[in-house]
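Colleague: I would like to go through this model and ask what stands behind each label. Please set the values against the cut-offs.

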Amino acid sequence: MSGADRLTDLMRRGTEFLGCEVAVMCGAMSWVSERTLVAAISNAGGFGVIACGAMTPELLDAEIAATAERTHKPFGVNLITMHPQLTELIAVCARHAVSHVVLAGGLPPKGSLEAIKATGAKVIAFAPALSLAKKLMRTGVDALVIEGSEAGGHIGPVSTNVLAQEILPEVAGDIPVFVAGGIGRGEAIAAYLEMGAAGVQLGTRFVCAHESIAHPNFKRAFLRASARDAVATVQVDGRLPVIPVRALKNAGTHLFSDHQRTVAQRLDTGEVAMAEAQLQIEHYWAGALRRAVVDGDVEHGSLMAGQSVGMVTAEEPAADILARLVAQAAVALDARGLGSPRMAQLEDLDS
Ligand SMILES: Cc1cc2nc3c(=O)[nH]c(=O)nc-3n(C[C@H](O)[C@H](O)[C@H](O)COP(=O)(O)O)c2cc1C
């Protein structure tokens, strides 16, 4: 069996679940994953996901409609569980008969899962640990994403590699699992599929797609960066929790540490109470991703990026990125392509 056939076989569960040709999801990225990129990914055979982020129901309604005008292929919508209008957002998805809803930002609040399933949509949820994967399965989610700390954006503490080893053997037989975080090449996709994944989710790799509306400054920062530039935010004071976010380091990263120290001092002197101090920490990055992605402020905005950023070396069409990932995965799976001939094939793909 050729590597390409084996890849099709390994992806079948994922492609049947998503209703697309290649079991590669482009993970929702706030401000980046809008109509143009989402439609481009789905049109290329992958699975695009709209990032609802902090959008109002009206904005989400317009975004879904505009995406559906650009593609007849399936795409998903990512909703953040703590959005104050989650119920209304679910109703918007229902009106558009959205086929897949990805729930991010923690365990689904009571009733939300049932509300989504009642619309006929499939629910995909993030499982940051084996115990939570099992819990989510019991609540009736249809698929899981396991995302390691190499990923861009909000992250957990455990690497993709370890999550995959812990979670796939236990649950992949019962539910489709998509692996995310740090994937930049097809060989890694092939490896996770062989471990039992139904597919993968990539974000960072698609930021510099031609169709991505990210500001040219944002894309330039990605093209220049290497893996070690994509760092997790650091908590400076034990009393003031920081939800870790992986992003390219810039002036904002350093100023955030100064800000934490200043707030901690205000707490020491009694100038602010604990609740207010924690809010001041949380609010520091408010709007920061938008400032970087939309306005191009790459110094003080948040340049959310995963460690695979070093493998983003050119701006190119989403379809080309997807095609190369698929070709690399097929070569890696080609039983005949062992040893140096296989390396030569992979080098050809790089040139
Ligand atoms: C710029 C950026 C913004 C993101 N925004 C979101 C988001 O709004 N919701 C979400 O669930 N994940 C978000 N993510 C995570 C992606 O959906 C995806 O899971 C992640 O990028 C996969 O890891 P990778 O970056 O290593 O490919 C974001 C990632 C990036 C790089």
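Colleague: What makes you say that both faces of β3 are covered?

Modeller: Gly 76, Asn 78 and Ile 80 on one side and Val 77 and Leu 79 on the other are all buried. A residue is buried if 20 or more other C-beta atoms lie within 10 Å of its own, exposed if 12 or fewer, and partly exposed in between, with C-beta atoms placed from the backbone. By that count 5 of the 5 residues of β3 are buried. Strands here are DSSP runs of E with at least two residues, helices are runs of H or I with at least four, and both are numbered from the N terminus.

Colleague: Which conventions apply to the numbering and to confidence?

Modeller: Residues are numbered from 1 along each chain as its sequence is written. The model is predicted, so local features need pLDDT of at least 70 and side-chain atom pairs count only at pLDDT 80 or more, while totals for chains, interfaces and linings use all residues.

Colleague: How do you know that β2 and β3 pair?

Modeller: Two strands pair if DSSP finds at least two bridges between them. Strand β2 (residues 47–51) is joined to β3 by 3 bridges, and the two run parallel. Val 49 has Gly 76 in β3 as its bridge partner.

Colleague: Why are the buried residues of α4 placed on the same side of the helix?

Modeller: The buried residues of helix α4 (residues 86–95) are Leu 86, Leu 89, Ile 90, Val 92 and Cys 93. They lie on the same side because they cover an arc of only 155° around the axis, the arc being that of the directions from the helix axis to the C-beta atoms. Their cover includes α3 (57–70), β3 (76–80), β4 and α5 (112–118).

Colleague: Why is Ala 97 called exposed, but Trp 31 partly exposed?

Modeller: Ala 97 has 11 C-beta neighbours inside 10 Å, so it counts as exposed. Trp 31 has 19, so it counts as partly exposed. Ala 97 sits in the loop between α4 and β4 and has a positive phi of about 50° although it is not a glycine. Trp 31 is in the loop between β1 (24–26) and α2 (35–43), and its phi is near 70°.

Colleague: What makes Asp 350 exposed?

Modeller: Asp 350 has 9 other C-beta atoms within 10 Å, so it is exposed. Its place is in helix α14 (residues 340–350).

Definitions and conventions. Two residues are in contact if their C-beta atoms, placed from the backbone, lie within 7 Å.
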